[in-house]
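Let's take a friendly walk through this structure together. Have a look at the fold first, and then we will go through it piece by piece.

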Amino acid sequence: MIEEKVKKVLKKIRVNKKEKILIALSGGKDSAVVAQIMKKLGYNIQGIHISLGLGKYSEKCLEVVEKLCGNLEIKCYIYDLKKETGNSMINYFRKNACKNISTCTICGIFKKWILNKKARELKANKIATGHHRDDELQTFLMNIFKGSPQLNSNFGPILENKDKKLIVKIKPLFFISEKEIENYVKKNKIPFVKEICPYRQETYRVEIRKIFEKFSDKEKENMMKNFLELFKKIKKDIQKINYCEICGEPSRNRICKKCSLISSKK
Ligand code: AMP
Ligand code: ZN
């Protein structure tokens with residue numbers, strides 16, 4: 001069932017079996033399922049993992065990603081955050097602690113920056129992530145509650161290229177519930193890290209998640225359809241993409257988010 005749904009969405013967003021797709025593997029269950037299913041469906045996939053340097057947790061993630069890629073017989077590119085950006089994630093958390101940004105947001109900015117840069121250097125056509133339906137519903141609502149509905153202009157299983165230096169992102173599990181993913185990993189004995197990140201700071205998301213727990217699966221499916229309709233009405237983000245004056249990567253501002261985090265004074 002889940003395999004059929006993923007097959008359908010990949011067909012709909014026209015992912016070609018010859019294209020080189022990098023699966024962004026965190027060590028968690030969601031991205032592991034993307035790799036397992038896309039491999040089974042015959043896509044040309046490779047793994048990419050960023051080792052975040054968050055102690056034992058990160059060591060475990062790396063170990064699991066390597067095991068998964070070994071099982072699937074796919075190549076896996078591993079990058080170390082400190083080597084790629086010059087400092088450790090813990091130091092970035094410290095440096096930016098006085099700002100109103102969560103550790104998850106900081107981490108997300110660095111991951112996104114490395115993933116896009118490396119995927120481009122590796123000449124990948126697309127990056128696939130493990131975002132699933134329940135994540136996406138939460139994010140949609142969070143953006144509205146925070147007064148930034150325009151951030152939902154990217155809502156959907158594919159994020160098209162807005163600049164030649166930006167690699168297309170796809171979310172093969174966009175219509176799949178977390179429950180279905182849990183059942184699939186169990187059934188297929190897929191290795192994944194069960195622990196949650198010890199630095200996680202997602203209090204707002206946790207509250208939003210509770211709201212959705214009250215709804216049935218059918219209701220959530222309908223919400224997805226309605227949000228997709230609503231998304232069509234949201235004014236598309238037509239802000240020009242510049243290149244960061246420090247690192248040269250795509251950015252909406254003069255300096256990209258990642259470089260602003262690095263240059264923050266403690
Ligand atoms: P998160 O931002 O942790 O919710 O993760 C969202 C998606 O980003 C995951 O489903 C993965 O596809 C990808 N991802 C998260 N962490 C990593 C990592 N350390 N290395 C590579 N990809 C990652
Ligand atoms: Zn930059």
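A residue counts as buried when its relative accessible area is under 20%, and as exposed when it is over 50%. Keep in mind that this is a predicted model.

With those words in hand, turn to helix α9, which spans residues 203–213 and whose buried residues are R205, I208 and F212. Why do these three belong to one side of the helix? They cover an arc of only 65 degrees around the axis, which puts them on the same side of α9. On the face turned away from that buried side you will find T203 and E213, both exposed. If you look for what lies over the buried residues of α9, the cover includes α7 (133–145) and α10 (217–233).

Now move to the largest nonpolar core, a set of 32 residues in which L10, I23, V33, M38 and I170 touch the most other members. Several elements each supply at least two residues of this core: the helices α1 (2–12), α2 (29–40), α3 (55–72) and α8 (178–188), together with the strands β1 (21–24) and β6 (168–170). The largest share comes from α2, with 6 residues. There is also a second, separate core of 30 residues, and among its members are L52, Y92, L122 and L261.

Setting aside residues up to four places away in sequence, L10 touches V15, M38, L41, Y43, I170 and P172.

Helix α1 also holds I2. Is I2 buried or exposed? Its relative accessibility is 8%, so I2 counts as buried. Beyond its neighbours within four places in sequence, I2 is in contact with V33, I37, I176, E180, I181 and Y184.

Our last stop is the zinc ion (ligand 2). Which residues hold it? The coordinating atoms are the SG atoms of C244, C247, C256 and C259, at 2.3 Å. Along the chain, these donors follow the spacing C-x2-C-x8-C-x2-C. The angles among the 4 donor atoms run from 105 to 114 degrees, and the site is tetrahedral. For comparison, the ideal angle for four tetrahedral donors is 109.5 degrees.

Definitions and conventions: Residues are numbered from 1 along each chain as its sequence is written. Chains are lettered from A and ligands numbered from 1 in the order in which they are written. This is a predicted model: local features need pLDDT of at least 70, side-chain atom pairs count only at pLDDT 80 or more; totals for chains, interfaces and linings use all residues. Side-chain values use heavy atoms; hydrogens and water are left out. Donors are N, O and S atoms within 2.8 Å of the metal (3.2 Å for Na, K and Ca); water is not among the atoms, so sites may look incomplete. Four donors count as tetrahedral if all angles lie between 85 and 135 degrees; four count as square planar and six as octahedral if opposite donors are over 155 degrees apart and all others between 65 and 115; anything else is irregular. A nonpolar core is a set of buried Ala, Val, Leu, Ile, Met, Phe, Trp, Tyr and Cys residues joined through side-chain atoms within 4.5 Å. Buried means under 20% relative accessible area, exposed over 50%, partly exposed in between (1.4 Å probe, protein chains only). Helices (H or I, at least four residues) and strands (E, at least two) are DSSP runs, numbered from the N terminus. Contact means heavy atoms within 4.5 Å. The arc is that of the directions from the helix axis to the C-beta atoms.
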